[in-house]
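Hi,

Here is the structure I said I would pass on.

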Amino acid sequence: MKQPVLILFGSLMCLLLLAGPMGAPASPAEAEPVHPAADGGESPEEGWMFSAGLYLWVTGMSGDLTVRGRDVPIDMSFIDLVNATDTLVGLFGYFEGMKGRFGFALDAAYSRLSANLDARLTSVGPVELSLEGGEWDFRLFVLDFAGFYRFYEVGHWKEAEQTTRKRPFIAFDALLGGRYSHEKIELNGTVRTTVTPGDIPILDESYPFALEPSDHLVDPILGGRILLWPAKRVHLALWGDFGGFGAGHDFTWQLKGMGGYSFRMFGLDSSVFTGYRSLFVEREIEEGNETMDMSITLHGPVVGLACRF
């Protein structure tokens with residue numbers, strides 16, 4: 001029985017996503033919502049606050065590979081990947097700091113997904129083109145780096161943790177940064193062409209296909225996030241970004257929705273969280289005489305543990 005290996009390590013990103021904003025400027029619970037663009041005032045500053053955490057991203061994969069003008073669909077859940085491959089590895093880490101209304105975030109992730117691909121590329125009348133014995137190995141290292149600005153908030157995350165709070169905490173952050181990617185792809189197999197006008201094929205030809213690019217890409221990204229404490233110790237977060245614009249990938253986007261519960265552990269503000277994450281990349285790959293268009297989404301549930309300090 002095939003045994004997938006899952007290695008998960010460090011993410012501060014889901015920390016802030018669920019553990020919540022840490023260095024947000026304080027605003028009394030009784031006060032009116034603060035919108036710096038409206039009142040032009042400065043909120044009291046606090047010292048630097050940081051976030052860190054560990055999480056597991058249970059990844060599936062869907063999308064299309066276009067090989068020599070023919071689509072090879074990919075639609076594999078985590079369970080499908082477990083059954084189809086000996087390799088299923090993830091390594092994640094995140095760090096975030098915030099002071100006043102400004103902050104920064106670094107998120108590093110490494111994933112390796114392997115699968116066997118056999119697909120009928122096209123069939124027109126008696127002519128059929130197929131990919132046989134296809135092997136797909138996708139290694140992706142991603143480093144997200146971004147600065148953010150909190151342009152609107154109501155209340156303060158510390159007050160949101162108190163039973164005596166008068167209103168929930170909510171904050172909106174704008175994000176600007178980049179996404180570095182190192183992609184190593186191995187796709188090989190046999191392309192087979194058959195012509196069968198009746199019961200017996202009159203043409204049956206096969207030729208090998210191999211594509212093994214390894215590229216370093218940097219994409220600009222724009223985005224934002226929403227943080228919310230609707231009830232004591234309960235926090236929600238939504239993070240979205242998009243970019244690429246041909247600089248590295250033709251297009252890329254990411255969406256994360258999380259929910260968590262906070263508590264004290266070893267003297268630190270901590271939280272457990274769960275949610276869902278999707279990362280999409282689209283690009284054209286050229287190597288020698290071979291070309292391939294790749295449009296895939298990595299997606300799946302997330303679960304983890306985070307702390308603030």
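**Notes on the model**

Leaving out neighbours within four places in sequence, L106 is in contact (heavy atoms within 4.5 Å) with G93, Y94, F95, D144 and F145. L106 belongs to strand 5 (residues 102-124); strands here are DSSP runs of E with at least two residues, helices are runs of H or I with at least four residues, and both are numbered from the N terminus. With a relative accessibility of 38%, L106 counts as partly exposed, a class that sits between buried (under 20% relative accessible area) and exposed (over 50%), using a 1.4 Å probe and protein chains only. From L106 to G177 the C-alpha to C-alpha distance is 9.9 Å, although they are 71 residues apart in sequence.

Before you go further: this is a predicted model, where local features need pLDDT of at least 70 and side-chain atom pairs count only at pLDDT 80 or more, while totals for chains, interfaces and linings use all residues. Residues are numbered from 1 along each chain as its sequence is written, and side-chain values use heavy atoms, with hydrogens and water left out.

The overall picture: the protein chain has 4 helices and 13 strands. Of its 309 residues, 47% count as buried. Among contacts in the chain with a separation of 6 or more, 70% are between residues 24 or more positions apart. The chain exposes about 14100 Å², and carbon and sulfur atoms supply 60% of that; accessible areas come from the Shrake-Rupley method with a 1.4 Å probe, and for residues only the protein chains shown count as cover.

Now the strand pairing, where a pair needs at least two DSSP bridges between the two strands.

Strand 10 (residues 234-244) pairs with strand 9 (residues 214-231) in the antiparallel sense over 9 bridges, with L228 opposite L236. That hairpin has 2 residues between the strands, and R233 takes a positive phi near 70°. Strand 10 also pairs antiparallel with strand 11 (residues 251-265), over 11 bridges, and L238 has G257 as its bridge partner. Here 6 residues lie between the strands, and F245 takes a positive phi near 55°.

F245 turns up again on the surface, in a nonpolar patch with L176, L222 and F242 that has about 390 Å² of accessible area together. Patch members have over 30% relative accessible area and no salt bridge; nonpolar side chains (Val, Leu, Ile, Met, Phe, Trp, Tyr) are joined within 5 Å, like charges within 9 Å. A salt bridge means a Lys or Arg side-chain nitrogen within 4 Å of an Asp or Glu carboxyl oxygen. L176, in strand 7 (residues 169-195), is exposed because its relative accessible area is 57%.

The largest nonpolar core has 29 residues, of which L65, W136, F138, M292 and M294 touch the most other members. A core is a set of buried Ala, Val, Leu, Ile, Met, Phe, Trp, Tyr and Cys residues joined through side-chain atoms within 4.5 Å. A second, separate core of 6 residues includes M98, A105, L175 and W239.

Cheers
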